[in-house]
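Could you walk me through this structure, from the overall fold to the side chains? I would like the cut-offs behind each term as well.

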Amino acid sequence: MKITIEKDLVELSPENEQEKADLEKLWRLTVDCAGFNKKIVPIGEYIPQKNNCARFVIEGLPTDAVQDMPDPQ
């Protein structure tokens, strides 16, 4: 996944089919055309020398929303 940051804009560009499907799923979870979009908020810490993973939580997302969502095709 390529990440580009320009001022307050973050752009995610998938580099393979799995990343494309994952980004589409993230988009569907966070964007609500008829209501309020959800926020992605960082949690914990990101120290590359310690852990190669940055974690985020989607605010306002019911905990069962991910299991109920079909995979993008």
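The paragraphs below go from the whole chain to single residues.

This is a predicted model, so to speak of it with care, local features need pLDDT of at least 70 and side-chain atom pairs count only at pLDDT 80 or more, while totals for chains, interfaces and linings use all residues. Residues are numbered from 1 along each chain as its sequence is written, and side-chain values use heavy atoms, with hydrogens and water left out.

Let's begin with the fold. The chain has two helices and four strands, where helices (H or I, at least four residues) and strands (E, at least two) are DSSP runs numbered from the N terminus. Reading from the N terminus, their order is β-β-α-β-β-α.

Next come the totals. Of the 73 residues in the chain, 11% are buried; here buried means under 20% relative accessible area, exposed means over 50%, and partly exposed lies in between (1.4 Å probe, protein chains only). Among contacts with a separation of 6 or more, 24% join residues 24 or more positions apart, a contact being heavy atoms within 4.5 Å.

Now for the surface. M1, I3, I5, V10 and L12 make up a nonpolar patch with about 470 Å² of accessible area together. Strands β1 (2-6) and β2 (9-13) are the elements that give two or more residues to this nonpolar patch. Patches are built from residues with over 30% relative accessible area and no salt bridge, joining like charges within 9 Å and nonpolar side chains (Val, Leu, Ile, Met, Phe, Trp, Tyr) within 5 Å. L12 sits in strand β2 and is partly exposed, at a relative accessible area of 36%.

Further along, V57 belongs to strand β4 (residues 55-58), and it is partly exposed with a relative accessible area of 36%. Beyond its neighbours within four places in sequence, V57 touches K39, I40, V41 and I43. Between V57 and I43 there are 14 residues in sequence and 6.7 Å in space, C-alpha to C-alpha.

What about charges? Side chains of opposite charge can pair when their charged atoms come close. The whole structure holds two salt bridges, each defined as a side-chain nitrogen of Lys or Arg within 4 Å of a carboxyl oxygen of Asp or Glu. One joins R28 and E24 (2.7 Å, N to O); both lie in helix α1, four residues apart, about one turn of the helix. R28 is partly exposed at 41% relative accessibility, and E24 is partly exposed at 30%. The side chains of E45 and K50 also meet in a salt bridge (2.7 Å, N to O), with E45 partly exposed at 47% and K50 exposed at 62%.

E19, in helix α1 (residues 17-30), is buried yet has no salt bridge, and K2, the nearest side chain of opposite charge, is 12 Å away. Apart from neighbours within four places in sequence, E19 is in contact with M1 and P14.

Finally, the cysteines. A search of the whole structure finds zero disulfides, a disulfide being a pair of cysteine sulfur atoms within 2.5 Å. C33 is exposed at 81% relative accessibility, and C53 is partly exposed at 36%.

Conventions:
Lys, Arg positive; Asp, Glu negative; His and termini not counted. Areas by Shrake-Rupley, 256 points an atom, 1.4 Å probe, with all protein chains shown as cover.
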